[in-house]
Amino acid sequence: MEKQITQQGQLRIALRNCGMLDPENIAESIARDAYQALGKVLKELSPQECINILKQSGLRGRGGAGFPTGLKWEIASKSQSDQKYVVCNADEGDPGAFMDRSILEGDPHSVLEAMAICGYCIGADKGLIYIRAEYPLAIKRLRIAIDQAMEDGLLGKNILGSGFNFEIKLRYGAGAFVCGEETALIHSMEGKRGEPTNKPPFPATSGFMKKPTNVNNVETFANIAPIILKGPDWFSSIGTKNSKGTKVFALAGKINNVGLIEVPMGTSLREIIYEIGGGIKEDKKFKAVQTGGPSGGCLTEKHLDTPIDYENLIEAGSMMGSGGMIVMDENDCMVSVAKFYLDFIVGESCGKCTPCRVGNKRLYEILEKITQGKGVMKDLEKLKNLSYIIKDTALCGLGQTSPNPVLSTLENFYDEYYEHVVEKKCRAGHCKNLFHYVINEELCVGCAACKRCCPVHAITGDKRMPHYIDSNICIRCGECIEKCSFDAISIQLEPKILV
Amino acid sequence: MVPKLMCDDDMVDIYSVPSGDKDSLKVTIKLSKEKIETINRICASFENNPEELINVLHETQNTLGYLPAEVQEIIAHNLKISSAHVYGVVTFYSYFTMVPKGDYPISVCMGTACYVRGAEKILEELKKELKIGIGETTPDQRFSISCLRCVGACGLAPVLMVGEKVYGSVSPDDVKKILNEYREDNEDCKCQQL
Amino acid sequence: MTRIKSLDELKNKRDELKSALSLLDDPDNPDRKVQIKVAMATCGIASGARSIKDFLTAELSKRNIPSVVTQTGCMGYCYAEPTIEVKLPGREAVIFGYVDRIKADEIIEKYIKKGELTEGVIPRNYSTID
Amino acid sequence: MEMIELSIDNKLVSVQKGTTILKAARKVGIDIPTLCHMELHNMSIENKPGSCRVCVVEVDGRRNLAPACVTEVAPGMVVNTHTARVLNARKTIVELLISDHPYDCLVCAKSGNCELQSIAHKFGIRRIHFKGEKSTYRKDTSPSIIRDVDKCIMCRRCEMICNEVQTVGALSAVNRGFISVVAPAFEMDLEHSPCTYCGQCVSVCPTGALTEVDSTHKVLLSLMDKSKTVIVQTAPSVRAALGEEFGLPPGTLVTGKMVAALRRMGFDYVFDTDFAADLTIMEEGTELLGRLRAHLAGESNAKLPILTSCCPGWVNFLEYNFPDLLHIPSTAKSPQQMFGAIAKTYFADQIGVKRQDLVVVSMMPCLAKKYECQRDEFKVNGNPDVDFSMTTRELADFIKQSNIDFLNLPDEEFDNPLGESTGAGVIFGNTGGVIEAACRTAYELYTGKKLETIEFENLRGTEGIRSAKLDFDGLTLNIGIAHGLSNARRLLGDVRAGKSNYHAIEIMACTGGCIAGGGQPYHHGNSEILRKRRDAIYSEDKGKIIRKSHENPYILKLYKDFLGQACGHKSHELLHTVYHDKSNNEVTIHHD
């Protein structure tokens, strides 16, 4: 597999201007080539020529599924209609991903310019940015950028004397993860409940207000201008066979250098975590990295040297998603992590289709049962079967990928599930019903500090005599451990004695 | 869900929504005239376009603080859509609230990065400190707690927001300190606009 | 600003702005300036970048150092916020992390005035396309 | 049209481009099970959110299973509808639905008619492998409809009917995820919503989430009460559908058996709402002619077009949505209420029974009738003209509970004097029927000539909005007909905008008219049933000797002995009503 890694590993294309310029001052953007690509396209290229450049470049959607961008534009350009729309999906929803916010806050003109190029290519004169209301700063900077670009004639009527018109408006999300899905996003922009509908029809033929609509995400748009200016061959020389260019990842979790990075496709997890990310926090043992958000899965040690691209991640049971990477260490319980994601999905499911509405709720309940130490082996079977059926039958991308965290943890961390179910043990010491606090009689001096702070009076003992914690009463709040000055209280992972 | 009425002094009188055209639905609503006019103005600024419902709801919630049933009725009337539709939309999106939030709404990020860095503990501490649960407001109307999915400040995990101000790398011990900033009537500490 | 009416106008405009910037950076130019960028995306602001920017602006002018302090987006070093980039005329830009007021003061006194590197320099670990 | 060839379960099928897999499969006799999908052919009513996922099938080359109801065919597609993968998924989906559904089939009002129940039975589901939280909501009882949305499976049929077909807008999906449900605004009771009680939501609900208020017990108590005289009236559409509940083919008229059954159940007199329908025509027809004459005389305030007022769902809709047009409908009460008013005065006097000792029960194809008979306008000193209104479905159950072998009953005749009716009264059950009946009478009264052909074929049909020009001996009468409230809204919008040139408009809330009312036996999406009911109504009319209301001898006698003249003083007191602006609907807040 061909790879082109720059000396330090990172190569910034989408993030080229982030941290380089003042996003609230268009002059700084212009000084760094903003709108040059738009000018070139309008003056020198036909829409189809421009689409061909994108097709040659091999750019694929950075929002998750990785659909070839040039092809997407071409389909929209071929739809016949009096009105078409360009939509920028800035409803960055994957928890742990923040590249879209960073691009919009740091380099809004890269997105505006690319939307205008897209408008020219598909024959649209209106653009809409669907942005999360939770991003007030990004909204503010986008508004400033749009105003400044309008004032300079880089958006609006007769752009750069070409006769091409393009205007951009903002639509706000309102806290619904499912609106990251194209059809749901479109319904939301139309003032409706953000429920997805069956595809086809695809937005490219019938989207916003039933008109052909091209939806791309922020990072995808941020890649457009450099491809136009530097050429498709330059872009396709970066990355792997089927995944060209770079990908922005948001490194978070138990990693030293939390931050935003951009690396060529094909970079390995090891390089990302240990070289760029500076290794695991407090030198703990690496356990897993979660990619692709709630739709993705966990990659483990055995995947550390896999070159990251769309296909390899899917093969490994995860997906590219928007590029969140959350690093987990030995203190993270993988059953609980799966439960965390299911909790998220249950809260964010739109409720339209049965498998997602009821199925995910049932998955969550089984996981909860397991983390409470009430699981039986049959539950693991049930988890797996139900997960496959949800994947097979759910209506939209959110539902079809929602069991991925369960399946990938089941696949990679089966022994942890087994321990929870059979040995009633949580090796990470995370599941409250599966560990208990004990007082070391030799270290305890009977100061009663723990007894006084216990909110449920689970601790008994006479003064200056070793104390005792009743596990059946204890709620595992951990107050006593903090209060004990003699390190006499510790966590015991062995199953508690059931009374 | 029990939609609440506006506070007492708002209920100046019962006014009817002025019927601009013939197919207007007359709705009698317990809201002050000023508030009705504010809502009408917001709707008009979006040309009473039903497509803009979500933007209208945002703007109205920003102005009034929350979206009680009466307010939704007026919006439905102006945009010529059913109030069931408006309510369906309001309850779909977690950003919209039908109960007033506190003067200092606190949102705890429950994104994955924050989760693995102990957001649950922060939330527990907040609940303990304020003696209220998620989605609730303190009796003095000062604080309310809600959970947010990722705010995209994962580098600072765990994160909480008071209004629009983001606090990063919060430890359970910090919770009290942060709350104290707002407990005293310290004008300087009011939510900074980004 | 007036409307830009053609690609050529846009190119000219870009070149003007670029040369103005390089003039600022020219050590031989009497009007050269120290250029400081403060990373002010959500993470930066939440970590106190705004007060650092205000502090630097005020202090540099008090200490009579010709400078421009501007805001910028995320530099990617979320773990080290607030981060700033300092560019002395004619020299490579240097990024400092974990900048509080004490650190900022130290940067002015040691690096900007004397050119001595302080602790907290973040090695730039990426290349961009230009 | 481009044809597409594909294979379904190894059978080659050729269908038009744009056809769904579901329809293509049905063409070759493969019946893929569905829950949320429902289509009423020729009525342009289709619900296909693709949400229940019961209809999934395996398509070669596709990563996941395809929902047959929304997936269009493609050339060379290879579809398998019953592989292990498909059956397993389908069964699990149904299990999931049931896992969030009360297990009270034995006592559910929908038992035996529930689509979820029959699909569970069909799939041989014997155990639910998933146990967990069930969603629970407050039960909501309105005068007509009971919402028990614990049983809601989010098929969204009711939401579609209420918003798209009826444009009532009382219902919407609310909340999201596991707790999402279909409800009125602010999850208030239906009573405080703009619901018209047309009952179309009930008629399409696949489960027991939406059902009617059951009056059987109250009627039974009245029947048992020796001090009461209990009389019953039956609406025209009931006789055309009741047989379905006893296994007879749709469209079988069971008038005689129905009368016999009611008599055996203990009703003291069995009367016919058709009699009151004839009375309605006398009043409404006279009113039409009066307004028409005023118009022809050049009176500027002649209130035209006149709107029919016999459909209570439509009246509710008008009162909510068109408060500015309340002056144009006919003031004539509906047949149900005219019957009650006459029964509790004229008839009560005749048999020497006091008003409060006479109980009037109506058998109706309708849910709004339950609400209508409770309206204050139709009460005298708190005593309603019609005490109880039951649906065709309730009547069928009541007959069964009374141990009556319905199929072997002899045919019997209605009692007199309120049981005699004409063909005009019968056709009230179909869309276009009321206006046709009115025209039969108005023509003869206006022109003084006999009608040559009694059937006005140009008023019949199934189009949502129809218009016809009738020649009244030189005077051209413009007639409009709308059924389904969205069509009514369109017509009324034109009237409001002054763009309408109709003289008279008939409006029915339910698509198809009363034969498809909310209280009729469930059609389960089979529009053929509705067509047969419609034909039955017209054939009953054809079989009648008297087919014009003004020739009904008992009607003539009623006017002669009691009412005086149509639209006269006594008529106005007993047979006409007023309408109220209901749009001024204060928001009521509920605290549980």
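Trainee: How many residues lie between E1(D) and E2(D) in the hairpin, and which residue in the turn has a positive phi?

Mentor: Please keep in mind that this is a predicted model. The general idea comes first: strands of a sheet pair through backbone hydrogen bonds, either parallel or antiparallel. In the present case, two residues separate E1(D) from E2(D) in the hairpin, and D:Asp9 in the turn has a positive phi of about 45°. The two strands, E1 (residues 3–8) and E2 (residues 11–16) of chain D, are antiparallel and share six bridges.

Trainee: In which sense do E1(D) and strand E7 of chain D pair, and over how many bridges?

Mentor: E7 (residues 78–80) of chain D pairs with E1(D) in the parallel sense, over two bridges. In this pairing D:Ser7 stands opposite D:Val78 in E7(D).

Trainee: How is chain D divided into domains?

Mentor: The domain assignment gives chain D three parts: domain 1 (3–82), domain 2 (98–212) and domain 3 (217–575). For a pair of domains, one may read the distance between centres together with the contacts. The C-alpha centres of domain 1 and domain 2 of chain D are 26 Å apart. Their contact involves 10 residues of domain 1 of chain D and 13 residues of domain 2 of chain D. On the domain 1 side of this contact in chain D, eight residues are nonpolar, two are polar and none is charged.

Trainee: How far apart do the C-alpha centres of domain 1 and domain 2 of chain A lie?

Mentor: They lie 35 Å apart. Chain A is assigned domain 1 (26–236), domain 2 (334–423) and domain 3 (435–492). In chain A, 11 residues of domain 1 touch eight residues of domain 2. The domain 1 side of that contact in chain A comprises seven nonpolar, two polar and two charged residues.

Trainee: Which chains have the most contacts between them?

Mentor: Among the five pairs of chains that touch, chains A and C have the most contacts. Chain C gives 31 residues to this interface and chain A gives 44. On the chain C side, H1, strand E2 (67–72) and strand E6 (126–128) each give two or more residues. H1(C) supplies the largest share of that side, with seven residues. By class, the chain C side has 15 nonpolar, 10 polar and six charged residues. Pairing also crosses between these chains: strand E1 (residues 10–12) of chain A runs parallel to E6(C), and three bridges join them. There A:Gln10 stands opposite C:Tyr126.

Trainee: What share of chain B is buried, and what is its secondary structure?

Mentor: Buried residues account for 46% of the 194 residues in chain B. Chain B has seven helices and six strands, in the order β-β-α-α-α-α-β-α-α-β-β-β-α from the N terminus. Of the contacts in chain B with a separation of 6 or more, 59% are between residues 24 or more positions apart.

Trainee: How many residues do chain B and chain C give to their contact?

Mentor: Eight residues come from chain B and eight from chain C. The chain B side has five nonpolar, three polar and no charged residues. By contrast, no contact joins chain C and chain D, and their closest C-alpha atoms are 30 Å apart.

Terms used:
Residues are numbered from 1 along each chain as its sequence is written. Chains are lettered from A and ligands numbered from 1 in the order in which they are written. This is a predicted model: local features need pLDDT of at least 70, side-chain atom pairs count only at pLDDT 80 or more; totals for chains, interfaces and linings use all residues. Two residues are in contact if their C-beta atoms, placed from the backbone, lie within 7 Å. Ala, Val, Leu, Ile, Met, Phe, Trp, Tyr, Cys and Pro count as nonpolar, Asp, Glu, Lys and Arg as charged, and the others, Gly among them, as polar. Domain bounds come from an automatic or database domain assignment. Two strands pair if DSSP finds at least two bridges between them. Helices (H or I, at least four residues) and strands (E, at least two) are DSSP runs, numbered from the N terminus. A residue is buried if 20 or more other C-beta atoms lie within 10 Å of its own, exposed if 12 or fewer, and partly exposed in between; C-beta atoms are placed from the backbone.
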